[in-house]
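Have a look at the sequence and structure below. Then let's walk through it with some questions.

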Amino acid sequence: MSSPEIASLSWGQMKVQGSTKTYKDCKVWPGGSRAWDWRETGTEVPPSTVEYLEKQGIDVRVLQTEQAVKEYNALAARGIRVGGVFHSTC
């Protein structure tokens, strides 16, 4: 399964390739996407989460949203299986 492209990003709205939904915030992974409520985990990525993922051999990048979408889409376009959590109002 490939990672879906983030088709558009504007303040408070994101569209993901292959989904008819418009998200405010979303989680994206190879083969899918879903809405994400940042109140579940906050908008900051805890160092313990980064450490855990890195120990699993996963490359982690924590970026401002516009830059994160550019990086995510560039990796996905190269066929790299990538996932992300995006907050559209930061």
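Contact here means that heavy atoms lie within 4.5 Å. The model is predicted: local features need pLDDT of at least 70, side-chain atom pairs count only at pLDDT 80 or more, and totals for chains, interfaces and linings use all residues. Residues are numbered from 1 along each chain as its sequence is written, and side-chain values use heavy atoms, with hydrogens and water left out.

Q: What span does helix α2 reach from its first C-alpha to its last?
A: Helices (H or I, at least four residues) and strands (E, at least two) are DSSP runs, numbered from the N terminus. Helix α2 runs over residues 65-77, which makes 13 residues. The expected span is 1.5 Å times one less than the number of residues. That gives 18 Å, and the model is close to it, with α2 reaching 18 Å.

Q: Where do the buried residues of α2 fall, seen down its axis?
A: Buried means under 20% relative accessible area, exposed over 50%, and partly exposed in between (1.4 Å probe, protein chains only). The buried residues of α2 are Thr-65, Ala-68, Val-69, Tyr-72, Asn-73, Leu-75 and Ala-76. Taking the directions from the helix axis to the C-beta atoms, these residues sit within an arc of 160°, so they line one face of the helix.

Q: Which residues are exposed on the other side of α2?
A: The buried face of α2 has its cover, which includes β1 (6-10), β2 (13-16), β4 (25-29) and β6 (84-87). Turn to the other side and you'll find exposed residues there, namely Lys-70 and Ala-77.

Q: Is Asn-73 buried or exposed?
A: Asn-73 belongs to helix α2. Not counting residues up to four places away in sequence, Asn-73 touches Glu-5 and Ile-6. Its relative accessibility is 18%, so Asn-73 counts as buried.

Q: Which residue stands opposite Cys-26 in β6?
A: Cys-26 has its place in strand β4. With 0% relative accessibility, Cys-26 counts as buried. Beyond four places in sequence, its contacts include Met-14, Val-16, Trp-36 and Gly-84. Across in β6, the residue opposite Cys-26 is Phe-86.

Q: What order do the strands have in the open sheet with β5, β4 and β6?
A: Two strands pair if DSSP finds at least two bridges between them. β4 joins β6 through 4 bridges, and β4 also pairs with β5 over 4 bridges. The edge strands, β5 (32-35) and β6, pair on one side only. The pairing in this sheet is antiparallel, and the order is β5-β4-β6.

Q: What angle does the direction of α2 make with that of β6?
A: Axes are lines fitted to C-alpha atoms, for helices over the stretch in contact, and angles run from 0 to 180 degrees between N-to-C directions. α2 packs on the sheet and touches β4 and β6. Its direction makes an angle with that of β6 of about 145°.

Q: Which residue in the turn of the β4 and β5 hairpin has a positive phi?
A: In β5, Ser-33 is the bridge partner of Val-28. The two strands make a hairpin with 2 residues between them. A positive phi of about 95° is taken by Gly-31.

Q: Why is one side of β1 and of β3 left without a neighbour in the sheet?
A: The open sheet here has 3 antiparallel strands in the order β1-β2-β3. β1 and β3 (22-23) stand at the edges, so one side of each lacks a neighbour; the reason is that each has a single partner strand.
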